[in-house]
Amino acid sequence: MEEMNVEQENFIKDLVENSKKINSKAISLTRCILLSLMNFNRDGLQFRELKAVLDISDGKLKSNLDFLEGVGYIKKVQIQLDQKKMHIYLITNSGESELNNILDWVKILVSMRGE
C-alpha cells in the first residue's frame, strides 16, 4: 500500500476535523436547502413559499422546520400583512453559523476534484 504524502494527510485531517463542526442531524439535503433559502432571503419565507420551492409534502416540510426550530437554527415569527396574520421563518445566528460550517466542509469536498 502506498504511503500518503503530507498534502493527502492534511486533506484528510481537514475533512475529518471540519466534519466534527457540523451537526450531523442538520445535514440532510432538505435542511441544507432550507437554511440556504432563509440565509438568502433575510426577510423570511412563508410555509407555502417553502413548500412550492421544495415541492415536498406538508408533513415532510413541517418536520424539517420543526427540527431546525428545535435546535435554534431558525425561528418562526408571526407577522401581519394586509390585516392578515401569518408566520414566516427566519434563520438565526446559530443557523447561519451551522450553514457556514456545512459550506466550509463542502469546500473541502469540492477541493478533492483538484479544480
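**Helices and rings**

Trainee: Is the crossing of α3 and α4 left-handed or right-handed?

Mentor: Handedness tells how the near helix is turned from the far one by less than a right angle: anticlockwise is left-handed, clockwise right-handed. Helices here are DSSP runs (H or I, at least four residues; strands are E, at least two), numbered from the N terminus. By that rule, the crossing of α3 and α4 is right-handed.

Trainee: What should I know about the model before going on?

Mentor: It is a predicted model, where local features need pLDDT of at least 70, side-chain atom pairs count only at pLDDT 80 or more, and totals for chains, interfaces and linings use all residues. Residues are numbered from 1 along each chain as its sequence is written, and side-chain values use heavy atoms, leaving out hydrogens and water.

Trainee: At what angle do α3 and α4 pack?

Mentor: Axes are lines fitted to C-alpha atoms, for helices over the stretch in contact, with angles from 0 to 180 degrees between N-to-C directions. α3 covers residues 47–54 and α4 residues 58–70. Their axes are 10 Å apart, and the angle is about 115°.

Trainee: Which residues of α4 does α3 meet?

Mentor: Contact means heavy atoms within 4.5 Å. From α3 come F47, L50, K51 and L54. Their partners in α4 are D58, L61, K62 and L65.

Trainee: How are α1 and α5 oriented to each other?

Mentor: Angles under 35 degrees count as roughly parallel, over 145 as roughly antiparallel, 65 to 115 as roughly perpendicular, and the rest as oblique. The axes of α1 (residues 6–19) and α5 (residues 93–111) come within 9 Å and cross at roughly 155°. That makes the two roughly antiparallel.

Trainee: Which residues of α5 does α1 meet?

Mentor: α1 brings F11, D14, L15, N18 and S19 to this contact, and the crossing is left-handed. On the α5 side you will find W105, I108, L109 and S111.

Trainee: And how do α2 and α5 lie to each other?

Mentor: α2 (residues 29–40) packs on α5 with the axes 10 Å apart and an angle of about 120°. The crossing is left-handed. The two helices are therefore oblique.

Trainee: Over which ring does the charged end of R31 sit?

Mentor: A charge sits over a ring if NZ of Lys or CZ of Arg is within 6 Å of the ring centre and within 35 degrees of the ring normal. For R31 the distance to the centre is 3.9 Å. The ring belongs to F67.
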